[in-house]
Amino acid sequence: MTQYITNRIMLTVPVLIGILFVTFVLARVIPGDPCRAALGEKADDEICAAFFKRNGLDKPIPVQFAVYMRQIIIEQDLGRSFRFGRPVSEIILERLPVTVELALLAMVFATILGVSLGIISAYWHNSAIDVLTMVWANIGVSIPVFMLGLLFQYIFALLLKDTFLQLPPSGRLSAGLVNPPFFEAWHWSLTKNSISYNICFFLSNLTMFNAILTLNFGVLIDAMKHLILPAIAVGTIPMAIIARITRSSLLEVLGLDYIRTARAKGIAEFSVVFHHGLSNALLPVVTVIGLQLGALLSGAVLTETIFNLAGLGRTLFEAITARDYIIVQGFTMVIAVSFVVINLMVDISYAFLDPRIRLSK
Amino acid sequence: MTSAKIISQSKEPSSLYQDAVRHLFQKNSAVVGMIMLLALILIAVFADVIAPYNPTDQLIGVEDGIVKRSAPCIHWLGCPANKPQHFFGVDANFRDFFSRMVYGSRLSLLAGIASVTLAIIIGTLLGSIAGYVGGWLDNLVMRLMDVLLAFPALILAIAIVTVLGPGLINALLAIAIVTIPAYARVIRSSVLSVKEQEFVTAGHALGVSPMRILFRHVLPNSITPLIVQATLGIGTAIIEVAALSFLGLGAQPPTPEWGSMLSAERNQVFTAPFLVFIPGFAITIVVLGFNLLGDGLRDALDPRLNRR
């Protein structure tokens with residue numbers, strides 16, 4: 001078991017170095033002049049030379065890569081954004097929580113609805129409800145995220161305006177609503193940029209979590225309302241995929257002999273489906289949930305653009321168009337690394353779920 | 001009686017592909033998918049005949065009293081006969097939206113098929129050589145594929161398009177590059193299992209060159225999973241090319257591409273929703289067609305699932 005986990009971790013090291021290299025190279029070869037993108041069209045050559053020197057861009061590319069590696073691995077420093085003049089790590093701590101909340105809510109929606117639909121349609125296999133669910137799942141994987149987002153805006157902000165189902169079309173909180181970070185509300189004195197400050201800063205940017213901690217339920221409900229539509233939009237494709245996998249996996253398990261034995265023993269039908277059936281059908285579902293995280297992050301770029309949320313995806317997209325290398329590097333790296341770590345965790349969780357994998361190595 | 005039995009038994013045995021086609025036509029969803037795609041292909045081929053206007057012609061000055069973003073006007077649905085007919089309305093630049101949609105079908109189909117074809121060629125080459133040669137080459141190629149897979153597809157594609165410069169061709173290339181690992185993996189795993197079979201060993205023993213064994217004996221026997229992957233992949237590729245266009249990185253105006261048409265009018269979703277939702281539904285339908293066909297093919301080509 002330990003050996004399996006160590007092997008798996010060792011395999012990710014070359015991938016991580018590869019990611020660093022790819023993000024670094026990609027950010028350097030993006031055409032355009034970062035100096036004029038950051039300082040404006042009127043910056044003259046002298047100012048730009050100073051800008052390049054200050055940001056280390058006058059050195060050869062291999063030297064830049066070595067400096068970059070040292071910065072990240074030894075100093076844990078992701079650099080400063082050209083445009084905002086702020087440390088990238090600070091921008092990440094500020095914007096990552098938006099995407100994390102969106103992704104979590106979307107995943108919760110996708111898992112709960114996907115697994116339930118899958119169970120329903122496997123249990124009543126070939127019935128009208130099964131056909132309906134699978135048609136729905138097929139449409140769900142085929143509809144583009146941006147189309148779905150706009151459709152939701154149209155339905156919930158325009159057609160259902162002035163009904164109780166009305167939902168806001170964009171933004172994170174309604175205008176005028178502010179909620180102080182919980183550590184300020186609780187009068188904690190934290191030194192800026194210390195690790196505990198950074199953790200608290202990150203947590204306080206999870207708007208809904210912060211609202212719970214500060215007992216500000218008005219903000220909580222408002223934040224929730226703003227997040228429902230984007231979360232459903234991002235979660236629809238994973239939901240449809242999870243429903244299909246749950247259905248086929250459960251169908252296979254429910255056809256096995258031990259299920260017939262369980263029924264013959266007179267075990268309650270609920271227990272047969274959920275304890276004997278579902279717990280053995282979940283392995284492929286877990287894999288798919290893990291794999292869908294990439295789709296979720298891709299979806300987040302589009303959804304955050306449509307719903308005007310200042311999250312990881314939209315910031316990254318804007319940074320690419322503005323040629324802010326340092327943000328592009330930092331953000332793609334954080335996204336790719338978290339993606340690799342999640343896949344690693346999925347792989348390790350198999351070993352716990354499936355004894356066959358645990359014992360094979 | 002006995003002679004009749006003998007006759008029925010002497011029927012020609014059907015091949016895997018004949019069986020597959022038969023199963024495909026028995027599956028309703030696959031037939032629906034095929035009909036949808038057939039209709040689309042016909043629209044794309046006969047776009048010149050079907051579209052009443054040129055997709056990039058601005059009708060201001062050509063047509064009296066044309067209003068930009070005016071709603072669809074169809075005569076037999078009650079639109080007054082003295083008004084010119086526009087099935088899907090008029091867009092912000094006074095162009096006939098129906099004609100643009102019709103021509104757009106060409107680009108969407110081409111975008112999906114071209115990017116998947118490119119990805120298959122490169123992916124098959126990389127995957128089959130990695131699987132067949134093995135050793136350090138296999139390790140190198142597959143770790144490279146792991147690095148590509150470590151990025152969420154759209155984010156990597158955005159980065160690549162930014163490097164290459166926005167445009168439909170570059171968007172196609174980016175989507176192709178991003179999807180290479182999927183095909184490389186599929187081909188590699190099936191090459192790995194085929195190369196252990198006896199007919200390959202026999203080839204070696206007869207002194208057939210390794211390249212010939214790989215391309216003439218191993219690959220043709222590893223292609224089935226690729227067909228399924230490719231059909232499902234075209235749908236995804238169409239969505240992703242449209243997404244890049246939506247972000248302004250794919251097709252540039254005035255090209256009638258569905259993703260960029262949707263993007264151009266997305267701020268008008270509350271005032272002229274048809275300009276946003278018609279292209280959106282069209283993308284959904286093409287993708288749905290490929291997904292239904294792909295699912296059907298997967299079931300039909302999987303010998304374990306052949307329930308006769």
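1. A:D162 lies in a loop of chain A, in the segment that runs between α7 (145–159) and α8 (182–185). In this predicted model, the phi angle of A:D162 is near 65 degrees, a positive value in a residue that is not glycine. Most residues other than glycine have a negative phi. The relative accessibility of A:D162 is 68%; since exposed means over 50%, A:D162 therefore counts as exposed.

2. A positive phi is also found in chain B, where B:R69, again a residue other than glycine, has a value near 55 degrees. B:R69 belongs to the loop between α4 (47–50) and α5 (97–133) of chain B. Is B:R69 exposed or partly exposed? Its relative accessibility is 27%, and the partly exposed class lies between the 20% limit for buried and the 50% limit for exposed; B:R69 therefore counts as partly exposed.

3. The reader may next turn to a peptide bond in chain B. B:P253 and B:P254 are joined by a cis peptide bond, with omega at about 10 degrees. Most peptide bonds are trans. B:P254 is placed in the loop between α11 (224–246) and α12 (258–264) of chain B.

4. B:A39 sits within a helix, namely α3 of chain B, which covers residues 28–45. With a relative accessibility of 37%, B:A39 counts as partly exposed, because that class covers values between 20% and 50%. B:A39 and B:V286 are 247 residues apart along the chain, and their C-alpha atoms are separated by 10.0 Å.

5. A further point concerns the second largest pocket, which holds about 560 Å³ of space. Its lining is made up of 15 residues, and those closest to the centre of the pocket are A:Q76, A:L78, A:S89, A:L93 and A:V334.

6. Which helices of chain A each supply at least two residues of the lining of the second largest pocket? They are α5 (88–123), α9 (195–204) and α15 (325–353). The element that gives the most to this lining is α5(A), with four residues.

Conventions
Residues numbered from 1 in each chain as written. Chains lettered and ligands numbered in written order. Predicted model: local features only at pLDDT ≥ 70, side-chain atom pairs only at ≥ 80, totals over all residues. Heavy atoms only, no water. 1 Å grid on protein atoms, 1.4 Å probe; cavity = no way out; pocket = protein on both sides within 12 Å on 5 of 7 lines; lining within 4 Å. Points joined across faces, edges and corners; volume = space filled by probe spheres on them. Buried < 20%, exposed > 50% of the residue type's maximum accessible area, 1.4 Å probe, protein only.
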